[in-house]
Amino acid sequence: MKIRLSPQTLLVLDAFLRSPADWKYGYDISRNTGLKSGTLYPILIRMAEREMLETSWENSEEGRPPRHLYRLTAEGVRFAREHRLTAAKGMLRSASLEGAEG
Amino acid sequence: MSPLRQLAQGLLRAVLRHSCTENEEWARAMLVEMDFIESDWAALWWALGCTTAIWRQSGRGLRRRFGKHAIHKEAGMNEGGKKAVGFLSGVGVALGVAAAALGVLFVMFSYFPFMQDHHVGQWFHFGVGIFIPETIFIVATIALWRKRRPMAIGILLVAAVSWVHLAIHFAHR
């Protein structure tokens with residue numbers, strides 16, 4: 001499973017990892033991560049294509065159209081945890097290098 | 001409903017109407033989500049971002065579809081064959097750019113023959129015939145150097161030949 005781990009993708013993974021069992025709305029993810037729709041949706045689409053993300057339509061309330069929901073799959077949670085850890089280690093390493101140089 | 005919101009909705013509806021089957025679900029999701037955005041300006045930015053996202057996604061789909069055939073063909077080749085194809089495509093692309101530049105010059109000087117002797121015409125000759133193609137060659141070589149080196153070498157070769165041509169031209173003046 002391959003997905004380009006840009007800082008924006010890490011932000012999205014992080015937003016999902018805060019409560020991995022919960023379904024989330026696109027606009028809420030956009031607000032929580034600060035990502036614009038033009039950045040967020042390509043990431044969500046790629047994650048869904050790689051089966052890291054499951055999508056579903058909400059049961060519609062009276063007079064309101066159903067909203068699209070997103071949640072990490074088990075594989076997605078594993079991938080997100082693994083790479084968040086790797087990214088954190090990388091940041092720690094660069095911070096300690098900067099500390100040693102300074 | 002404000003005109004801004006109407007514009008945003010119209011835009012996303014058009015995207016939904018024209019999106020292919022695989023993107024339809026996403027386009028519908030984006031359109032529904034817009035109803036939950038309070039500010040009209042934010043809704044418009046949302047719609048513009050979503051349009052870009054669907055457009056890019058369609059582009060990726062097309063590239064995947066048309067690229068599959070080329071990838072299958074390339075997979076059957078050995079390493080030397082792949083490099084040769086890359087190199088020749090680089091040369092071909094660069095010659096295409098050079099031919100286009102010469103074509104523009106030819107058309108320009110055919111319609112405005114007086115420009116050939118005029119100093120503006122000489123600057124035009126320099127800009128369109130040399131500066132623009134050379135800039136394209138350099139930028140393309142840098143951009144392709146890491147991922148498609150044989151192609152970058154092909155482009156660089158054509159750039160080098162045109163530099164030599166230019167040097168000879170100035171030496172004879």
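## Basis of the model

Residues are numbered from 1 along each chain as its sequence is written, and chains are lettered from A and ligands numbered from 1 in the order in which they are written. Because the model is predicted, local features need pLDDT of at least 70 and side-chain atom pairs count only at pLDDT 80 or more, while totals for chains, interfaces and linings use all residues.

## Chain A: overall fold

Chain A contains four helices and three strands. Helices (H or I, at least four residues) and strands (E, at least two) are DSSP runs, numbered from the N terminus. Along the sequence of chain A, their pattern is α-β-α-α-β-β-α.

Of the 102 residues in chain A, 25% are buried. A residue is buried if 20 or more other C-beta atoms lie within 10 Å of its own, exposed if 12 or fewer, and partly exposed in between, with C-beta atoms placed from the backbone. Among contacts in chain A between residues at least 6 apart in sequence, 55% join residues at least 24 apart; two residues are in contact if their C-beta atoms, placed from the backbone, lie within 7 Å.

## Chain A: the sheet

The three strands form an open sheet in the order β1-β3-β2 (chain A), with antiparallel pairing. β1 and β2 of chain A are at the edges with a single partner strand each, so one side of each has no neighbour in the sheet. Two strands pair if DSSP finds at least two bridges between them.

Strand β1(A), residues 24-25, is joined to β3(A) by two bridges, and Tyr25(A) stands opposite Leu69(A). Strand β2(A), residues 53-57, pairs with β3(A) over five bridges; here Leu53(A) has Leu72(A) as its bridge partner.

## Chain A: α1 against α3

Helix α1(A), residues 7-17, packs on helix α3(A), residues 37-49, at an angle of about 70°, with the axes 10 Å apart. Axes are lines fitted to C-alpha atoms, for helices over the stretch in contact, and angles run from 0 to 180 degrees between N-to-C directions. α1(A) and α3(A) are therefore roughly perpendicular (65 to 115 degrees; under 35 is roughly parallel, over 145 roughly antiparallel, and the rest oblique).

Gln8(A), Thr9(A) and Val12(A) in α1(A) meet Thr39(A), Leu40(A) and Ile43(A) in α3(A). This contact has three nonpolar, three polar and no charged residues. Ala, Val, Leu, Ile, Met, Phe, Trp, Tyr, Cys and Pro count as nonpolar, Asp, Glu, Lys and Arg as charged, and the others, Gly among them, as polar.

## Chain B: α1 against α2

In chain B, the axes of helix α1(B), residues 3-18, and α2(B) come within 9 Å and cross at roughly 165°. The two helices are therefore roughly antiparallel.

The residues that α1(B) brings to α2(B) include Ala8(B), Leu12(B) and Leu16(B), and those of α2(B) include Ala27(B), Leu31(B) and Met34(B). By class, the contact of α1(B) with α2(B) divides into eight nonpolar, one polar and three charged residues.

## Contact between the chains

Chain B gives 15 residues to the contact and chain A gives twelve. On the chain B side, α2 (21-34) and α3 (40-75) each supply at least two residues. The largest share of that side, eight residues, comes from α3(B). The chain B residues that touch chain A comprise ten nonpolar, three polar and two charged.
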